[in-house]
Amino acid sequence: MNIDIQDKFDHLDEILKSKEFNKFEYETVLRELYPYRNDEYFKIAMKRLRQNNDIIRTECTMQGRVFQKKYGYAGDFELIDKIYTEYKSDESTHTQWDEYFHTQPGAIAVRNRKKYFIAKMKDLYFDGFTVLNLASGPCRDMYELFQSDTNKNFVFDCIELDNKAIEFSKELLSRYKVNFINKSILRFKPEKNYDVIWSAGLFDYFDDKTFVRILKRFIDQSKNAKVIIGNFAYNSSTVPYMELIGEWYLNYRSPDKLIELAIAAGATKNRITIESEPEQMNLFLNIN
Ligand SMILES: C[S@@+](CC[C@H](N)C(=O)[O-])C[C@H]1O[C@@H](n2cnc3c(N)ncnc32)[C@H](O)[C@@H]1O
């Protein structure tokens with residue numbers, strides 16, 4: 001038995017069971033445990049900790065939902081929508097955990113990217129404007145865009161792998177006309193030209209090779225489209241929480257890395273800019 005790691009797990013167990021949530025101690029112990037995350041002993045102790053603490057295993061809390069992966073993959077439409085709408089449990093012992101979750105840079109960055117999306121679409125809009133949305137998820141961003149400007153005629157085609165996400169979105173967008181294609185991006189080839197190709201919350205799950213291959217396909221086929229790809233940047237203050245508690249892993253990328261991958265996909269350097277939301281965590285590769 002590794003006494004050092006077990007001490008930290010005992011402490012974590014106390015924090016999770018305590019009625020008074022201590023943010024500083026929670027973050028400290030997670031940061032201390034992070035270097036051990038690949039140890040066999042760590043994995044066994046973590047499994048035991050989850051079994052003893054529903055709040056990091058079941059959908060009674062947001063962090064439990066992240067770990068649970070109800071639809072079989074990380075970042076499903078329901079979870080993302082609950083981040084957008086800042087869902088909190090009514091159960092008083094769980095609310096504090098959800099409040100903590102929603103103050104995490106990653107959750108704030110997701111909500112900021114919805115604002116970024118809405119501002120971007122309004123800014124780029126012109127009559128006859130068409131958008132291809134890759135991995136549209138819950139479509140909360142589109143819903144709020146439509147609600148915020150009823151005079152504009154946004155035309156969206158959405159590609160989404162999860163049929164349940166499409167069902168959810170169709171209901172949310174029932175008053176609006178949106179086209180959904182239930183297909184994997186990995187196999188999708190656009191049959192028409194778009195003014196904008198948008199994707200958030202997808203490319204950060206791709207390795208570099210897949211990132212370049214998929215981006216190249218869209219650059220080659222829609223030469224005049226503006227392409228906007230979201231990708232999270234590494235943030236050391238929140239990654240231990242996301243990975244240890246949520247088992248939510250992303251391919252974090254820096255602005256330089258995104259530029260390198262865009263060039264490898266065939267974009268010319270002077271067409272590339274990197275933007276960000278205020279939290280500086282969700283970066284946006286723009287190819288103009
Ligand atoms: C993190 S969500 C992002 C949703 C949305 N773009 C947003 O920003 O709110 C990721 C979505 O990608 C979808 N997805 C994952 N892999 C996909 C693939 N290969 N093709 C199409 N959709 C995919 C998932 O089903 C999920 O709805």
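With 14 C-beta neighbours inside 10 Å, glutamate 247 counts as partly exposed. Its place in this predicted model is the loop between H11 and helix H12 (255–264). Have a look at the backbone here: glutamate 247 is not a glycine, yet its phi is positive, at about 50°.

Glutamate 86 is partly exposed, with 13 other C-beta atoms within 10 Å.

## Helix H7 and its surroundings

Let us turn to helix H7, which runs over residues 105–124 and has 20 residues. From its first C-alpha to its last, H7 reaches 27 Å, close to the 28 Å expected at 1.5 Å a residue.

The buried residues of H7 include Pro105, Gly106, Ala107, Tyr116, Phe117 and Met121. Arg113, Lys114 and Lys120 are also among the buried residues of this helix. Their cover includes helix H5 (77–84), helix H6 (92–102), helix H8 (140–148) and helix H11 (239–245). Strand S5 (226–232) and strand S7 (282–287) are also part of what covers the buried residues of H7.

## Around the ligand

Which residues are closest to the ligand? They are Gly75, Ala135, Gly137, Leu161 and Gly201, out of 18 residues that surround it. By class, this shell has 10 nonpolar, 5 polar and 3 charged residues.

The ligand lies between domain 1 (3–104) and domain 2 (106–287), because both domains give residues to the shell around it.

Technical notes. Residues numbered from 1 in each chain as written. Predicted model: local features only at pLDDT ≥ 70, side-chain atom pairs only at ≥ 80, totals over all residues. Helix = DSSP H or I, 4+ residues; strand = E, 2+ residues; numbered from the N terminus. Expected span 1.5 Å × (residues − 1). Buried ≥ 20, exposed ≤ 12 C-beta atoms within 10 Å, placed from the backbone. Contact = placed C-beta atoms within 7 Å. Near = placed C-beta within 6 Å. Nonpolar A, V, L, I, M, F, W, Y, C, P; charged D, E, K, R; others polar. Domains from an automatic or database assignment.
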